[in-house]
Amino acid sequence: MIKTTVYLPEELETRLDAESAATGVSKAELIRQGIALLLDNSSRPKQSRPLPVFRSGRLITSEDMDEAIYEHIKERTNRR
C-alpha cells in the first residue's frame, strides 16, 4: 500500500470516527471503501489498456488468439 495524507473537515472527521466506532472498521479502511465506491460508480468512461499486439512472426489461429486474449483478461482481473 501507499501512504497518503488526506485533510478532512472537522465535521467529516467526527462522522468518520463515529462510523469507525460503530462498525469496528478502521478509519483507513472506511476511507479506502469510500474511494473504491466512488470510482466504481463513476460515470466517466473507464480507461483500459489496449489489448496486446501479437507479433509472433507466424500465423495464429483464431482459437490461439482467443486463448491469448482470455489469458490477458484473466491476468488483468487477478491484479485488481
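**Chat about the helices**

Biologist: Where is the place of Q33?

Modeller: Q33 sits in helix α2. Helices here are DSSP runs of H or I with at least four residues, strands are runs of E with at least two, and numbering goes from the N terminus.

Biologist: What am I looking at, a prediction or something else?

Modeller: This is a predicted model, where local features need pLDDT of at least 70 and side-chain atom pairs count only at pLDDT 80 or more, while totals for chains, interfaces and linings use all residues. Residues are numbered from 1 along each chain as its sequence is written, and side-chain values use heavy atoms, with hydrogens and water left out.

Biologist: OK, back to Q33. Buried or exposed, or partly exposed?

Modeller: Q33 is partly exposed, because its relative accessible area is 40%. The scale is: buried under 20%, exposed over 50%, partly exposed in between, with a 1.4 Å probe and protein chains only.

Biologist: Now α1 and α2. At what angle do their axes cross?

Modeller: At roughly 110 degrees, and the axes of α1 (residues 10-23) and α2 (residues 27-40) come within 9 Å. Axes are lines fitted to C-alpha atoms, for helices over the stretch in contact, and angles run from 0 to 180 degrees between N-to-C directions.

Biologist: Which residues make the contact?

Modeller: From α1 there are E13, L16, D17, E19 and S20, and from α2 there are K27, L30 and I31. Contact means heavy atoms within 4.5 Å.

Biologist: And what's the make-up by class?

Modeller: Three nonpolar, one polar and four charged residues. For the classes, Ala, Val, Leu, Ile, Met, Phe, Trp, Tyr, Cys and Pro are nonpolar, Asp, Glu, Lys and Arg are charged, and the others, Gly among them, are polar.

Biologist: How many salt bridges does the structure hold?

Modeller: Five, where a salt bridge is a side-chain nitrogen of Lys or Arg within 4 Å of a carboxyl oxygen of Asp or Glu. One of them joins the side chains of E13 and K27, at 2.5 Å from N to O. That pair links distant parts of the chain, with E13 in α1 and K27 in α2, 14 residues apart.

Biologist: Which residues are linked in a network of salt bridges?

Modeller: E13, D17 and K27. The K27 and D17 side chains meet in a salt bridge at 3.0 Å, N to O, and this pair also joins distant parts of the chain, K27 in α2 and D17 in α1, ten residues apart.

Biologist: How accessible is D17?

Modeller: D17 is partly exposed at 35%. E13 is partly exposed too, at 24%, and K27 is partly exposed at 30%.

Biologist: What does E29 form a salt bridge with?

Modeller: With R32, the closest N and O atoms being 3.1 Å apart. Both lie in α2, three residues apart, about one turn of the helix. E29 is partly exposed at 28%, and R32 is partly exposed at 36%.

Biologist: Changing topic: what span should α1 have?

Modeller: Its 14 residues at 1.5 Å a residue should span 20 Å, and the end C-alpha atoms are 20 Å apart, so the two agree. The expected span is 1.5 Å times one less than the number of residues. Just after α1, G24 takes a positive phi of about 75 degrees.

Biologist: And H72, buried or exposed?

Modeller: Buried, because its relative accessible area is 17%. H72 lies in helix α3.

Biologist: What is H72 in contact with, leaving aside neighbours within four places in sequence?

Modeller: P50, L51 and P52.

Biologist: Last one: where is K74?

Modeller: K74 is in helix α3, residues 62-79, and is partly exposed at 36%. The C-alpha atoms of K74 and V53 are separated by 17 Å, and the two residues are 21 apart along the chain.
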